[in-house]
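Thanks for sending this one over. Here are my notes, written as numbered points so that you can follow them with the model open beside you.

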Amino acid sequence: MTTKRDRKDTSSDYAVGGHRRRAGWSVAVALVGLLALAAAPAHATPRTTSQEQTADAAGARNRSVVPGSSGLIALRPDGKVFATVNKAVVRQWNTATGRRGGPNLAAGTGPIYTIAFSSDGKLLAVAGHSAVSLWDPTIGQRNGPVLTGHVGPVRSISFSSTGRLMATAGDDGTVRLWNPTTGALVRTIEAHSGPVRLVTFSADGERLATAGAGDDNTVRLWQTSTGEPISEPLAVNPGPVYAVSFSPGGRLLAASGGGNVVRLWNAATGAPAGRSLTSSAGPVYALTFGRGGRLLATSSGGDNTVQLWNMATRRPATEPLAGHTGPVRAMRFNANGKLLATGGDDGTVRLWDTATGTAKGEPLTGHIGAVWALRITPDGKRLITAGADSKVRLWRVAPQQPVI
């Protein structure tokens with residue numbers, strides 16, 4: 001049974017090697033309204049700057065310009081607020097209006113490499129060079145002292161679904177587990193011989209997956225209660241690990257890398273879990289599970305398609321989703337799993353019906369260069385995208401159907 005906790009977007013399916021992200025750029029973030037067509041669930045193309053000025057004169061809704069940073073977005077679990085970065089300041093925005101959604105957080109830790117909301121939305125973690133700060137986002141005050149111990153940049157943050165643990169990973173090869181309420185260090189895990197690009201919890205918070213880089217391109221599984229490895233290092237493909245994700249129920253761990261194969265393991269033991277999934281053409285830059293883990297979406301960097309897999313049969317659920325003219329770097333299902341959003345190097349965002357594998361309306365255009373990250377609010381009404389053009393765009397999505 002899929003629980004409420006299973007449906008939370010804990011952002012565990014991150015691409016860790018498919019692109020570079022440069023933190024701390026001072027840029028404009030365009031918040032663009034996507035108006036639903038009255039006769040059909042199609043989607044309009046966002047306007048260019050000159051068109052936006054004309055639209056502003058006509059009183060267009062849901063549009064403003066705010067500071068942001070390339071590829072750095074965090075969505076509060078309730079979907080009402082998202083955060084962006086401008087230099088060493090985190091700014092919060094209301095997803096319904098595109099206006100200010102909370103106080104600014106002046107991190108003061110130099111360049112910001114990643115940000116993340118806690119599972120209850122009451123804390124916002126901000127990672128910089130060797131330090132992590134925890135904030136109360138509603139009042140804009142730091143929650144305790146800065147957390148130190150890492151040597152070098154901190155690249156990834158993950159909160160357990162219970163909120164009892166926060167994991168941080170960095171270039172020093174370590175993962176540190178913290179009590180986010182008190183800021184106390186629980187334990188340090190010597191995770192990889194090279195940088196750690198990703199850390200993510202299983203749904204129950206009992207296991208942790210990490211992805212290495214540099215000379216250690218492996219995935220590791222850890223027991224959070226002891227910090228001990230669950231298995232030997234898991235080999236994905238030759239070359240870098242690009243994406244890692246636990247299934248919503250936490251029983252499977254999926255990972256992809258430089259080859260065209262997605263590996264699957266039993267998350268409790270680290271043993272292979274059935275046959276691997278072979279994409280049409282590698283590498284697989286991104287993957288994500290749908291609601292309940294019944295579907296898995298994987299990108300094929302060689303032919304720019306996305307494949308939907310039936311996880312019960314391990315066979316394609318539809319024909320490949322074709323339309324992007326560059327590799328797909330970011331993907332998300334909506335809450336009920338009936339819609340998939342994809343963002344690619346071609347600068348477009350596309351919406352797909354997961355039952356049929358067909359496109360929903362025209363591509364969403366506006367980004368210049370690759371789309372690196374995207375989020376969908378739990379109600380399915382807003383889509384947030386960030387890309388290489390150092391812009392974050394907020395889209396109004398025409399409702400396809402009620403979110404269950």
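**Notes on the model**

1. Asp345 is partly exposed, with a relative accessible area of 28%. In the terms used here, buried means under 20% relative accessible area, exposed means over 50%, and partly exposed is in between (1.4 Å probe, protein chains only). The side chain of Asp345 meets that of Arg329 in a salt bridge, 2.9 Å from N to O. Arg329 sits in strand S28 (residues 328-333) and Asp345 in the loop between strand S29 (339-344) and strand S30 (349-353), so this pair ties together parts that are 16 residues apart in sequence. Arg329 itself is buried, at 11% relative accessible area.

2. A word on the basis of these notes. This is a predicted model, in which local features need pLDDT of at least 70 and side-chain atom pairs count only at pLDDT 80 or more, while totals for chains, interfaces and linings use all residues. Residues are numbered from 1 along each chain as its sequence is written, and side-chain values use heavy atoms, with hydrogens and water left out.

3. Now the overall picture. The chain has one helix and 34 strands; helices (H or I, at least four residues) and strands (E, at least two) are DSSP runs, numbered from the N terminus. Of its 404 residues, 58% count as buried. Among contacts in the chain with a separation of 6 or more, 47% come from residues 24 or more positions apart, where contact means heavy atoms within 4.5 Å. The chain exposes about 15800 Å², and carbon and sulfur atoms supply 50% of that area (Shrake-Rupley method with a 1.4 Å probe; for residues, only the protein chains shown count as cover).

4. How many salt bridges does a search of the whole structure find? The search finds six, taking a salt bridge as a side-chain nitrogen of Lys or Arg within 4 Å of a carboxyl oxygen of Asp or Glu. One of them joins the side chains of Asp171 and Arg197, at 2.6 Å from N to O. This pair links distant parts of the chain, 26 residues apart: Asp171 is in the loop between strand S13 (166-170) and strand S14 (174-178), and Arg197 is in strand S16 (residues 196-201). Asp171 is partly exposed at 24% relative accessibility, and Arg197 is partly exposed at 27%. Together with Arg155, these two residues are linked in a network of salt bridges.

5. Please look at Arg207 and Asp204 as well, whose side chains meet in a salt bridge at 3.7 Å, N to O. Arg207 is buried at 10% relative accessible area, whereas Asp204 is partly exposed at 29%.

6. Four strands form an open antiparallel sheet in the order S24-S25-S26-S27. Strand S24 (287-289) and strand S27 (315-316) stand at the edges with a single partner strand each, so one side of each has no neighbour in the sheet. S25 and S26 pair in the antiparallel sense over six bridges, where pairing requires that DSSP finds at least two bridges between two strands. Within this pair, Leu295 stands opposite Asn310 in S26.

7. Two backbone angles deserve a look. Most residues other than glycine have a negative phi. Asn304, in the loop between strand S25 (295-300) and strand S26 (305-310), has a positive phi near 65° and is buried, at 16% relative accessible area. Ser130, in strand S10 (residues 129-136), has a positive phi near 70° and is partly exposed at 22%.
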